[in-house]
Amino acid sequence: MEHKRLTLFAGHYGSGKTNIAVNYAMLLAEEGKKVCIADLDIVNPYFRTKDSESELTEKGISLISSKYANSNVDLPAIPAESYRLVQDKSVHGVIDIGGDDRGAYALGRFADAIKAENDYRMAFVLNRYRPLTSTVEDAVEIMKEIETACGIGFNCIVNNSNIGSETTKETVLESVEFADRLSLATGLPIWLHTVEKNIAEELSDLPILPLKLQKKYFDLPN
């Protein structure tokens with residue numbers, strides 16, 4: 001799998017961005033890369049990358065998140081150390097961007113530096129089973145809102161369509177055609193299909209090898 005120095009995951013609420021960001025960061029670490037993951041979700045403080053802090057630390061992955069994460073304080077603030085992601089070129093950065101356009105504003109301050117380096121992947125995380133992205137037209141609208149808010153265009157799609165613990169092989173296969181239609185409508189390639197590890201073993205014939213999500217990080221839609 002080809003990696004960029006910076007990988008950004010964005011999408012609507014419940015799309016599974018955080019879960020994918022954590023799993024992808026661990027994949028990079030397992031390949032021997034120096035990894036830092038940043039939680040820029042300033043909209044939803046209740047399910048955060050920080051929830052997996054101990055597992056990330058065990059893998060040698062640095063974590064940047066608000067000091068108010070996992071607390072009862074909800075103050076939208078970007079940690080100052082987030083600038084490390086654009087300044088330290090020795091690290092592979094993974095960025096978990098907050099839900100829809102409001103969360104994406106946080107990324108705007110880094111947009112010029114990210115585009116200038118031009119070594120990034122901006123992935124739209126799709127869950128076609130969520131109400132606000134259940135049609136291609138709605139998904140495209142969400143994408144445009146996020147792009148406008150953060151100043152960076154998407155360049156690929158991650159199909160993370162699932163219905164939580166009820167997800168089956170058939171659930172995933174039924175979403176592939178939808179993801180293909182979104183790809184056609186936007187001109188963006190599908191980078192990954194992401195599924196729970198046990199299901200991934202049944203989907204080895206997919207044209208794009210799935211990113212196998214560890215079950216302990218499987219993100220149930222809320």
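Visitor: How many helices and strands does the protein have?

Guide: Eight helices and eight strands. Both are DSSP runs, numbered from the N terminus: helices are H or I with at least four residues, strands are E with at least two. This is a predicted model, where local features need pLDDT of at least 70, side-chain atom pairs count only at pLDDT 80 or more, and totals for chains, interfaces and linings use all residues. Residues are numbered from 1 along each chain as its sequence is written, and side-chain values use heavy atoms, with hydrogens and water left out.

Visitor: What makes Arg181 and Glu177 a salt bridge?

Guide: The term asks for a side-chain nitrogen of Lys or Arg within 4 Å of a carboxyl oxygen of Asp or Glu. Here the closest N and O atoms are 2.9 Å apart, so the pair qualifies. In general, side chains of opposite charge can pair when their charged atoms come close.

Visitor: Where do Arg181 and Glu177 sit relative to each other?

Guide: Both are in helix α7 (residues 169-186). They are four residues apart, so about one helical turn separates them.

Visitor: Why is Arg181 called partly exposed?

Guide: Buried means under 20% relative accessible area, exposed over 50%, and partly exposed in between (1.4 Å probe, protein chains only). Arg181 has 39%, so it is partly exposed. Glu177, at 43%, is partly exposed too.

Visitor: How many salt bridges does the rule give?

Guide: Seven. Among them is Glu31 with Lys33, at 3.3 Å between the closest N and O atoms. Glu31 has 40% relative accessibility, so it counts as partly exposed. Lys33 has 27%, and therefore counts as partly exposed.

Visitor: What is the N to O distance in the salt bridge of Asp88 and Lys34?

Guide: It is 3.8 Å. The pair links distant parts of the chain, 54 residues apart. Asp88 is in the loop between α3 (84-87) and β4 (92-97), and Lys34 in the loop between α1 (17-30) and β2 (35-40). Asp88 is partly exposed because its relative accessibility is 22%. Lys34 is partly exposed because its value is 45%.

Visitor: Why is Ser161 called buried?

Guide: Its relative accessible area is 2%, so Ser161 is buried. Ser161 lies in the loop between β6 (156-159) and α7.

Visitor: What is Ser161 in contact with, leaving aside neighbours within four places in sequence?

Guide: Contact means heavy atoms within 4.5 Å. Ser161 is in contact with Leu126, Asn127, Arg128, Tyr129 and Ser175. A polar atom of the Ser161 side chain also lies 3.0 Å from the backbone nitrogen of Arg128.

Visitor: Is Ser134 buried or partly exposed?

Guide: Partly exposed, because its relative accessibility is 30%. Ser134 is found in the loop between β5 (120-126) and α6 (136-150). Beyond its neighbours within four places in sequence, Ser134 is in contact with Arg128 and Phe178.

Visitor: What percentage of the residues count as buried?

Guide: 55% of the 222 residues. Of the contacts in the protein with a separation of 6 or more, 75% come from residues 24 or more positions apart.

Note on methods: A polar contact is a pair of N or O atoms within 3.5 Å; within protein, one must be able to donate a hydrogen and the other to accept it, and residues adjacent in sequence count only if both atoms are side-chain atoms.
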